[in-house]
Amino acid sequence: IFRTHDRVLVGAEALLRWNRREDGAISPAVFIEVAEQSGLIEAIGPEVMRAACQEASIVPIVEPEVLLDGDHGAERSESVHLATLEALFTELARQDVSLEHVILKASMCVSGKENPKQAPVAEVAERTLRVLKRTVPAALPGIVFLSGGQTDENATAHLDAMNRLGAPWPLTFSYSRALQAVALKTWRGQAGNVATAQKAFQ
């Protein structure tokens with residue numbers, strides 16, 4: 001659905017058809033009423049959108065972010081990530097989502113930001129990879145990582161360590177905030193700081 005004045009895509013509509021072997025095509029006017037009366041209408045909507053998106057080659061990006069808030073250790077972070085990703089992929093399987101067309105935006109098994117003893121880079125990389133290998137199917141085409149509030153140095157160091165250890169999927173970043181943090185801090189919205197900020201971003 002496009003907005004007419006600027007031709008911006010603002011929505012989509014999927015047309016649902018029900019074909020019965022005995023009766024052929026059933027009109028939506030019939031089966032939608034049946035679905036509403038039986039309580040199935042809530043389940044039909046997400047299923048139709050899932051199928052329509054996959055037929056249109058629209059890639060679903062799933063983002064089960066685990067926040068850094070708190071004083072927990074990396075061990076606790078690992079257990080929460082494990083439970084979160086297990087629940088995620090159980091639901092994706094239940095919804096019959098094609099994993100070959102999914103991108104996972106994951107977070108890393110780091111210590112809580114209020115914890116004075118932060119887990120070292122190697123430990124974060126090992127814990128994060130262990131969780132991923134236990135929960136993420138090999139069919140997934142790739143994993144991108146959120147910084148989740150980490151500094152640019154830490155987020156990059158953790159990702160580099162994971163890639164050096166090796167993984168069954170391509171691993172890359174999706175943390176513009178971390179990459180831009182130094183440049184934005186240098187710029188501070190001042191025209192006179194533009195050149196210095198550009199150098200910082202490089």
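Tutor: In this predicted model, helices H3 and H4 pack at an angle of about 25°, and their axes are 9 Å apart.

Student: Why is H3 called roughly parallel to H4?

Tutor: Angles under 35 degrees count as roughly parallel. The angle between H3 and H4 is about 25°, and therefore H3 is roughly parallel to H4. Their crossing is right-handed. Among the residues making the contact are Leu 82, Leu 85 and Phe 89 of H3 and Arg 127, Val 131 and Leu 132 of H4.

Student: How do you know what span is expected of H4?

Tutor: The expected span is 1.5 Å times one less than the number of residues. H4, residues 121-135, has 15 residues, for which 21 Å is expected; from first C-alpha to last, H4 reaches 22 Å, close to that value.

Student: Which residues of H4 are buried, and what covers them?

Tutor: Buried means under 20% relative accessible area. The buried residues of H4 include Val 124, Ala 125, Leu 129 and Val 131. Their cover includes helices H3 and H5 and strands E4, E5 and E6.

Student: Why is E6 called an edge strand?

Tutor: The open sheet has the order E3-E4-E5-E6, with parallel pairing. E3 and E6 are the edge strands, each pairing on one side only.

How values were computed: Residues numbered from 1 in each chain as written. Predicted model: local features only at pLDDT ≥ 70, side-chain atom pairs only at ≥ 80, totals over all residues. Heavy atoms only, no water. Helix = DSSP H or I, 4+ residues; strand = E, 2+ residues; numbered from the N terminus. Buried < 20%, exposed > 50% of the residue type's maximum accessible area, 1.4 Å probe, protein only. Contact = heavy atoms within 4.5 Å. Pairing = 2+ DSSP bridges. Axes fitted to C-alpha atoms, helices over the stretch in contact; angles between N-to-C directions. Parallel < 35°, antiparallel > 145°, perpendicular 65-115°, else oblique. Left-handed = near helix turned anticlockwise from the far one by under 90°.
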